[in-house]
Amino acid sequence: MANEIIVGIGGAAGDGGASTGDNLAQTSARQGLHVYVYTSYQSLIRGGHSWIRLRISDTKVTNIGDQVSAMIALNQDSMDRHLQEMKAGAICIYNGDKVKPGKAPEGVQLCPLPVFELAGKDALPIMQNTVALGALVGLLGYDFQALSSVFEHTFKKKPQVVEANVTAAKAGFDFAVKTYKKHGTVLKKTDAKLAMVHGNNILAMGAANAGCKVYCAYPMSPATGILHWMASHGKDLGICVRQVEDEIGVANMAIGAGQMGVRSMCATSGGGFALMTEAIGMAGIMETPVVMINVMRGGPSTGLPTKQEQGDLNQAIGASQGDFPRIIIAPTSIADCYTVMEESFNLAEKYQCPVLVLSDLLMSEGHCTLEASFLDREFKIDRGELILEDDGDKNYYRYKDTPSGISPRVIPGVPNHLYVSATDEHDEDGVTISDVYTDPITRKKMVDKRARKMEGVVKDYTPLKLEGDASSNTVVVTYGSTWGAASEAVERLNKEGVKVAHLSFKYLVPFQEKEAIALLKGKKVIVVEMNKAGQFARHLRAEAGITADANVRKYDGEPFEPKHIVEGIKEVLKGKNLVEVQSLEPGWRTPHPPGPGVLSTGSTH
Amino acid sequence: MTTATLQPRDAKLYKPEVPPDWCPGCGDYGVLTVLQRAVGELGILNENLMVVSGIGCSSNLPGFFKSYGMHSLHGRSLPVATGCKMANHEMTVIACGGDGDGYGIGQGHFIHSMRRNVNMTYIVMDNEIYGLTTGQTSPTSEPGMKTKSTPFGNPEGQLNPMALALAAGCGFVARGFSGDINHLKSLYTQAIQYPGFALIDVFSPCVTFNKQNTFGWFKERVYKLEDKGHDPSNWTAAMERAKEWGAQIPIGVLYKNPNPRPSIDAEDPALQGAGLATIKKLGLTSEQRKKLIAEYL
């Protein structure tokens, strides 16, 4: 049985909660403990409320978990929101000089810290975070040295900052250990060598490891982390990084680079992706390899910029006019983001088409521990049928009609192979046929040639595999990041004796239709996904002819926790065919002030 | 690429088997022919040229030009061409298109490409009309002009691409006329050799849909800046000339920055060696991976 604890750190944006969380995560990782972090925050630079949840365990964790059992309240608001969520055994750490706890639920240990006394009267306000972190680490039974080494690493260029933090943390640590009872869960060190990574960093590093040489972007949450990583590492790694005026320019620039023969990538979220769509069709008809990431957030339109949703599947499938081959992949975890980059660049070059990667806020902005050895792996590079030097062929046709539909690709610059790629329909030599009276034979040939390329793709995928109780007649079906919470939910149900299996899809277009039918036909299918309309359920029906018997959906902005899926499946097994779950804890609720046009009685405007 | 040491080549080498299919008498024929002569004069090999266009009559040009090329999307020639240059900065990149393509739907990219200062040449075949869609008003159409979309006269103002380019920080701003091809050739060669973003707006009359700004109309009005003692290194003087429209319209180099700032591709740390597209060993080295992983430990 895994030992684990979920820590919540609450504060306003600008309070330093994020770095407190980072330091705790790093401290835990250095002890060989596995961590999964998700931050719920507002689209605000200062103020508001930010709630960082860290799930820390001595075995691997795949999701944010259910129940917070330790919290640091950096302000009164955080205390008021979250204290009532705590269950017996939980600890609640706060600055006793500033924050009033109210009545704690039974069995919850309140741990006020005399910050003023512990940090010294001249300390910066931010030092309350360090004192609290020291106290938490003490109550979790960590070695103090694990925390101090993180300060030494983070502030290595500023020894006086290291000293101030270590002193404040030690004061909190010693006070808490002396004054309060340790947390009931003891987390033992493991020997695992773990790296603490953000999903966006892993997408970016994965792209670099796959040989990406040109990266273009326009800032958009929650994809901006990829741009930041590329901007800070591009110089060392020889990656050309451009911030472009809009996502139309971004997509076109990435495709221009891809056409020249570099591995190029761009990333955005749903709104930016909408602007990229015309260019995706260009990559389709010009047969240009390019990797485009859409980090999904709550939609439509501006929607929920800082919240989770899996609502852009329809957009990705329908992006750009006409029929053309594309590949759509949704990584299933932060670790998978790394592998997906290796696969995406290979597929893009092998099949000479756009590869659309559907990440989401949960993965991209979430962070977790990964084995360092997992990251230190040379990627397989398969550039497909690529010609980098003059091979003496005097009759080169860029769009030659071949049995596989794949035409050997010459990179511009190679002598004696000149061609012009057009967004107009063209013949095998690239000459447009749009200006001729009509040419149904060439048109059909070229459409067929491009479409034929997709026949090979499914063979390059990792085959589908049932998880959980594979013999079960009930199968929970997910796509993308929902794998994490769903796999744990299925594991729990199996332990309770509920027979249920789990099938997770990652490759969305082209679809593993035959395998899906073989694994799902005749079973009770429950699709679990994060959107209102059931976009994946519809996709499964369209591609494999399998209609979900029931659906569990969430679209309230906060990610699935395993308990939501457990409860949802139980409801389904009792006979419901649609369960729309919601995060209901008090901390998720925000009282809103009346806005313009909302009359509040007695007020004057 | 070292243009300085290259031998001049025959313009015919840049003529493909596919002949242009523009309307007889279209100004774009002149633009194409002169471009073939100019790159020949500079001795640029066909395989080292990347010609990128948008969509429109004039954007068909890459199909009639023997080099590598991309006939991209409406209004997007500049970001596509920028991507090409980033991917292989050793190639000569020429972007082209019409006034609707560059100054209408592509306006955002136009301004930012000049600000970004990519080392490339941008040729706009400016006919003051949308031709391929059979004659609607364009951003450079004169106020009051009757077109199919403005049957009672164009109610909107006219964009001044020259003044806009100067304001956006473009280091080489020129205007040519496809009715004067020898003059135009010199603008092309100067633009291609300029070490930064170079704009040439070419009056390229539409003989089918623009009955107002005809060859004759331009012939009566254009004058050469070099004949009037214009100093192309003087930005303020260039701005004054850029405002001229009506009885007298200047052609020639309005502005050529005497101290060009380095182009973005010349400065980009990733573009200091061979073209990125020619690098054969891809992916991170073990050492690079270990260094990156160390950031997360």
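Is Thr134 of chain B buried, partly exposed or exposed? At 35% relative accessibility, Thr134(B) counts as partly exposed. Before I go on, please keep in mind that this is a predicted model.

I will stay with Thr134(B) for a moment. The residue sits in the loop between E4 and helix H5, residues 161-167, of chain B. Its phi is positive, about 75 degrees, although Thr134(B) is not a glycine.

Strand E4 itself covers residues 121-126 of chain B, and Thr121(B) is found in this strand. Thr121(B) has a relative accessibility of 3%, so this residue counts as buried. What does Thr121(B) touch, if residues up to four places away in sequence are not counted? The list is Val93(B), Ile94(B), Ala95(B), Ala191(B), Ile192(B), Ala198(B) and Ile200(B).

Now to chain A, and a pair of helices. H9 runs over residues 247-260 and H10 over residues 270-286, both in chain A. Their axes come within 7 Å and cross at roughly 25 degrees. An angle under 35 degrees counts as roughly parallel, and H9(A) and H10(A) are therefore roughly parallel to each other. The crossing of H9(A) past H10(A) is right-handed.

Which residues make this contact? From H9(A) there are Glu247(A), Ile248(A), Val250(A), Ala251(A), Asn252(A), Ile255(A) and Gln259(A). They meet a set in H10(A) made up of Gly272(A), Leu275(A), Met276(A), Ala279(A), Ile280(A), Met282(A), Ala283(A) and Met286(A). By type, the contact of H9(A) with H10(A) has 11 nonpolar residues, 3 polar and 1 charged.

Is Glu287(A) buried or exposed? Its relative accessibility is 0%, and Glu287(A) therefore counts as buried.

The other helix pair I want to show joins the two chains. Helix H8 of chain A, residues 224-237, packs with helix H10 of chain B, residues 286-294. The angle is about 145 degrees, and the axes are 12 Å apart. Here too the crossing, H8(A) past H10(B), is right-handed. On the chain A side, the contact is made by Trp229(A), His233(A), Asp236(A) and Leu237(A). On the chain B side, Gln288(B), Lys291(B) and Leu292(B) take part. How do the residues of this contact divide? There are 3 nonpolar, 2 polar and 2 charged.

Next, two cis peptide bonds in chain A. One joins Ser221(A) and Pro222(A), with omega about 0 degrees. Pro222(A) lies in the loop between strand E8, residues 212-217, and H8. Another cis peptide bond joins Gly299(A) and Pro300(A), where omega is about -5 degrees. Pro300(A) belongs to the loop between strand E11, residues 290-296, and helix H11, residues 313-318.

Val137(A) is in helix H4, residues 127-139. Buried means under 20% relative accessible area; Val137(A) has 0% and is therefore buried. Leaving out residues up to four places away in sequence, Val137(A) touches Leu24(A), Tyr142(A), Asp143(A), Leu147(A) and Phe173(A).

Lys189(A) is in the loop between helix H6, residues 159-179, and strand E7, residues 194-198. With a relative accessible area of 55%, Lys189(A) is exposed. Outside four places in sequence, Lys189(A) is in contact with Gln31(A) and Asp143(A). The side chains of Lys189(A) and Asp143(A) are joined by a polar contact of 3.0 Å. How far apart are Lys189(A) and Gln31(A) in sequence and in space? They are 158 residues apart in sequence, while their C-alpha atoms are 5.0 Å apart.

Last, Ser583(A), in the segment after strand E24, residues 578-580. Its relative accessibility is 8%, so Ser583(A) counts as buried. Without counting residues up to four places away, Ser583(A) touches Lys554(A), Asp556(A), Glu558(A), Pro559(A), His564(A) and Trp588(A). With Lys554(A) there is a polar contact between side chains, at 2.8 Å.

That is the end of my tour.

Definitions and conventions
Residues numbered from 1 in each chain as written. Chains lettered and ligands numbered in written order. Predicted model: local features only at pLDDT ≥ 70, side-chain atom pairs only at ≥ 80, totals over all residues. Heavy atoms only, no water. Axes fitted to C-alpha atoms, helices over the stretch in contact; angles between N-to-C directions. Helix = DSSP H or I, 4+ residues; strand = E, 2+ residues; numbered from the N terminus. Parallel < 35°, antiparallel > 145°, perpendicular 65-115°, else oblique. Left-handed = near helix turned anticlockwise from the far one by under 90°. Contact = heavy atoms within 4.5 Å. Nonpolar A, V, L, I, M, F, W, Y, C, P; charged D, E, K, R; others polar. Buried < 20%, exposed > 50% of the residue type's maximum accessible area, 1.4 Å probe, protein only. Polar contact = N/O pair within 3.5 Å; in protein donor to acceptor, adjacent residues only side chain to side chain.
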